[in-house]
Amino acid sequence: MSATDPASPRIAEEPPDNPSTIRLWVLLLAGPVLWIGHFMVVYLFAEAACAARESDDIPFFGTGAIVTIVVASTLVAAGLTALATVAAWRGTRGREADATAMGWAGVLLGALSIVAILAVGLPALAIDPC
Amino acid sequence: MSDQRTGTGAGDGTAPGPAASTAGGHEELDALWDDPPGLWGRLRAVQNDKVGTRLVLTGFFFLLLGGTVDSFVMRLQLARPEQDIVSPQLYNEMFTNHGSVTMFLVILPIFEGFAILLLPTMLGSREMPFPRLGAFSYWTFLFGGLLYYSATLFQLVPDAGWFAYTPLSLNEFSPDLALDFWVLGLGVAEVGAIAAAVEIIIGILKMRAPGMTLTRMPLYAWAMLVTAFMILFAFTPLIVGSLLLELERGFHMPFFDPDRGGSSLLWQHLFWIFGHPEVYIQFLPATGVVSMVLPVMVRRRIAGYTWMVAALVAIGFLSFGLWAHHMFTVGLPGVVLAFFAAASMVIAIPAGVQIFSWLATIWNGRVRWNTAFLFVVGFLVIFVAGGITGVMVAAVPFDQQAHDSYFVVAHLHYVLIGGVAFPMFAGVHYWFPKFTGRLMDERLGRLSFWLLFLGVNVTFFPMHIVGLLGMPRRVYTYPEEYGWGVYNLISSLGLLLIIPGLGLFVLNLAWSLRRGEEAGNDPWGADTLEWATTSPPAQHGWTVPPIVHSRHPLWDQDDLHRGEPQVERLVHALAEWPLRWRAALVIGTGDARPVEIFRVSGPSIWPLATALGVVGIFASELLKLRWGIVASAVVVVVCALAWNRPDPPPMTRDEELDFERTHGVPVRAYGSLVVPRWGMGLAILFASIFFGSLLLGYFYLRLENPVWPPEGVVEPSLLVAGISTLLVVAGAGSVYGGLRAIREDDTGGLLRGLLAGTAAAAVGGAILVVDLLGLDFGSTDHSYGAIFHTLASASLVVVLFACIMACSTAVYAAKGHYHAYRLSPVDNVSRFWIAAAVLWVLSIGTLYLSPYLT
């Protein structure tokens with residue numbers, strides 16, 4: 001029995017999953033993934049920039065620059081998350097009950113992620129960064 | 001009847017649920033899936049009921065050992081001021097042991113074991129995907145726990161707190177082997193935790209009943225899915241941290257010693273990146289249990305299923321942005337404090353969503369006030385109190401006052417006892433009849449609930465006050481004039497309620513196991529699939545796997561085996577010839593349609609042997625037998641190869657194709673294509689997180705050292721890095737070429753690809769080894785050398801694994817095992833090679849380029 005036998009399906013070539021599954025996961029997880037991505041970016045940046053300020057004679061980043069970068073990346077991340085949330089919202093209009101429920105969970109997660117991104121990033125406006 | 005059960009929920013447990021078919025071959029299948037008898041059989045046992053029960057019972061054993069004995073003596077010591085029942089040293093050992101045991105050896109194995117026990121029946125499948133991995137996980141957990149506890153025999157009990165902060169845990173202040181017992185014993189248990197997590201993820205995503213789509217999964221499965229991913233992401237950095245700590249303790253490599261370029265904060269970061277998610281790793285399974293028990297006890301569907309799913313996922317993500325709230329007093333930059341404080345407060349939103357969802361369900365339902373529900377209510381009350389103090393300590397100024405005081409002790413015990421232990425008790429009362437066939441006694445149950453509920457509040461509530469009065473944690477005594485005596489006395493008296501409460505619970509278990517009322521299949525009128533099977537379930541769980549059309553199949557479906565004709569024929573065929581071997585169904589992750597039938601691996605001694613090899617590695621390091629590490633590693637490799645030796649397939653290729661033509665689903669009697677692919681994916685994810693943590697460690701140390709590499713060290717050779725990297729990448733390409741050849745049934749091409757790839761990568765690795773040996777800096781002089789050698793060695797180990805895999809695959813290829821339709825192992829080896837090459841490029845690239853770039 002060889003692979004070229006028409007009765008033998010090309011098992012190795014089969015995609016492991018229905019492609020729509022990937023869409024379901026993207027709709028569900030886009031918000032929180034953007035949140036953790038933003039969190040790590042601003043955290044690692046602030047930690048590195050503040051450490052550099054301590055050790056360098058002429059700091060590479062001024063205090064104002066750190067705040068600007070943190071706030072700007074917060075706004076960008078919140079905007080991207082809003083787009084992802086809208087996409088998940090569109091996903092809820094699908095006919096399949098399963099896609100609808102996952103899309104709705106995605107909308108909730110997206111909304112929470114926007115709140116969380118703003119809560120994490122905006123206090124930088126009021127605090128001495130280092 | 002079905003109308004009556006829809007809408008407001010099920011009846012009072014009297015209405016008969018839809019029957020699960022046991023027609024045809026029930027006994028035969030039961031025997032086929034059972035583990036062999038006798039001692040030798042027990043050592044080879046892989047069946048999920050056995051492995052799960054063992055994990056739960058062993059975890060409970062460690063709870064009685066470390067959770068109660070230690071706390072009793074500590075409370076006795078603190079009951080009155082200025083007592084000296086125990087010495088300060090013994091007190092240090094006791095609180096270290098209490099924290100370490102409960103955090104590492106109790107809650108996690110109980111929940112992972114319970115998931116392995118319950119999930120297959122609940123999801124309508126026959127087994128977990130890798131039964132041998134489950135057995136391996138149990139043995140490593142058991143041996144790790146015993147290795148850790150054996151410290152007591154040598155009077156070398158760890159005493160540096162359950163988080164073993166450096167420098168206290170380094171050689172200067174902990175010169176004896178006590179801390180090595182801590183690092184190495186718990187390290188073995190961590191390996192077991194990750195193995196079980198891999199098993200649970202794939203079990204939930206790929207092995208459910210047909211029709212059980214993602215949003216028809218019980219919330220318990222969602223909770224365990226999120227938890228298992230969190231274990232993978234949280235325990236891996238801890239393993240890296242433990243590795244670095246042991247390298248510093250045993251090999252004097254300075255990662256944490258500031259005098260030689262290390263950073264003691266690096267340990268805190270690595271520990272708490274694990275440590276905080278760990279709290280939610282323990283809490284989420286408990287919320288899953290509550291989400292199953294509560295709706296059944298109030299006879300009402302859970303309010304806001306999608307909100308609950310979103311809350312579980314949100315907690316899973318947010319919990320990874322909280323770790324530094326344990327470090328608010330170490331002097332982090334202000335804006336960093338704000339990031340972590342904000343994330344710590346935001347996580348209260350999804351937790352609150354869960355609480356309100358449960359409250360709404362109770363509000364809508366008709367409550368049955370039995371023991372299981374009482375524990376759920378106890379959970380809600382105590383956990384909410386602990387959650388609110390949690391938001392308080394998330395506020396930086398408050399935390400800086402309360403840090404390291406008894407207020408924190410009160411908070412964490414409210415969260416862990418209320419949020420985790422009470423749901424566990426509820427779950428035991430709820431599922432005990434399913435797995436024993438008998439109900440637990442209600443009167444004993446209620447009595448134990450009230451003793452525990454009152455006892456926990458009497459013990460831990462006064463700790464809030466005494467903490468605010470300024471009592472620090474981890475002190476073995478206190479002076480009388482501080483006025484803390486009365487609160488401590490009340491706390492200690494509370495234990496007089498908790499201990500009889502626990503005792504009654506154990507008594508209830510023992511009594512009910514023999515004398516309890518017969519439970520029948522479904523004593524609660526519950527909604528999920530496990531209640532349709534016999535109590536206890538058959539070894540294979542389901543003779544005819546169910547077909548699911550609802551989130552609450554037992555409330556909404558009249559027949560559990562009705563569905564599309566083709567699927568219906570398929571599930572019935574699973575009970576009959578020609579599938580009289582350990583056949584299990586794999587479904588599509590999203591749509592839950594059958595995608596393949598594969599043979600689940602059977603009983604084997606090799607998981608135990610491999611676990612012995614793993615514990616041998618750690619025990620040899622403990623005894624400083626460096627040759628023993630190498631010998632044990634060889635044992636692990638040999639046993640793992642024997643473990644994965646292919647069995648002869650029980651069906652011919654023609655029989656497989658015949659079945660496929662009839663039922664439209666491929667049969668893979670030689671082994672699954674889908675499940676190992678997921679396993680390899682998760683193994684690669686584990687390796688990526690491992691290297692990610694090491695790389696973060698590298699950059700953290702880089703930031704701590706303004707001069708990098710240190711004075712007098714020559715920059716590493718780019719030529720060496722370039723040539724070795726090219727060879728490793730070429731090796732991965734060659735192995736991939738072998739995969740392409742076997743897709744065309746060209747075994748010769750496969751062999752050439754595997755062997756050429758191994759040769760290229762081996763030469764590349766050898767070049768790097770020669771370069772490492774000739775470097776002008778050692779691994780013990782400076783953190784630069786320490787992390788350089790560690791990261792390079794880790795890359796070499798991954799490439800070594802890849803070469804071993806390629807060689808073993810080549811042996812089977814030469815015997816003609818692989819064909820275009822039978823290439824799953826080749827496929828996975830090729831994936832691992834590509835991952836190994838990517839990790840090599842990233843880590844060797846960082847090591848050799850960053851001294852030039854920064």
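**Ground rules.** I am reading a predicted model, where local features need pLDDT of at least 70, side-chain atom pairs count only at pLDDT 80 or more, and totals for chains, interfaces and linings use all residues. Residues are numbered from 1 along each chain as its sequence is written, while chains are lettered from A and ligands numbered from 1 in the order in which they are written.

**Sheet.** I began with an open sheet of three strands in chain B, order 1-2-3, with mixed pairing. Pairing needs at least two DSSP bridges between two strands; strands (E, at least two residues) and helices (H or I, at least four) are DSSP runs numbered from the N terminus. Strand 1 (583–587) and strand 3 (667–668) of chain B are the edges, each pairing on one side only. I found strands 1 and 2 of chain B antiparallel and joined by five bridges. Leu585(B) sits opposite Ile597(B) of strand 2, and Val586(B) has Glu596(B) as its bridge partner there. In their hairpin, with six residues between the strands, Ala592(B) takes a positive phi near 60 degrees.

**Strand 1, buried or exposed?** I looked: five of its five residues in chain B are buried. Buried means 20 or more other C-beta atoms within 10 Å of the residue's own, exposed means 12 or fewer, and partly exposed lies in between, with C-beta atoms placed from the backbone. Ala583(B), Leu585(B) and Ile587(B) are buried on one side, Ala584(B) and Val586(B) on the other.

**Helix 19.** In this helix of chain B (565–573), I noted Val567(B), Leu570(B) and Val571(B) as buried. They lie on the same side of helix 19 of chain B because they cover an arc of only 95 degrees around the axis, taken from the directions from the axis to the C-beta atoms. Their cover includes strand 2 (594–599) and helix 22 (653–663) of chain B.

**Helices 7 and 20.** The axes of helix 7 (178–206) and helix 20 (606–622) of chain B come within 10 Å and cross at roughly 170 degrees. These axes are lines fitted to C-alpha atoms over the stretch in contact, with angles from 0 to 180 degrees between N-to-C directions. That makes the two helices of chain B roughly antiparallel (over 145 degrees).

**Chain contact.** Lastly, I checked chain A: 46 of its residues are in contact with 42 of chain B, contact being C-beta atoms, placed from the backbone, within 7 Å. Helix 22 and helix 23 (674–704) of chain B are among the elements each supplying at least two residues to that side.

Terms used: Contact = placed C-beta atoms within 7 Å. Parallel < 35°, antiparallel > 145°, perpendicular 65-115°, else oblique.
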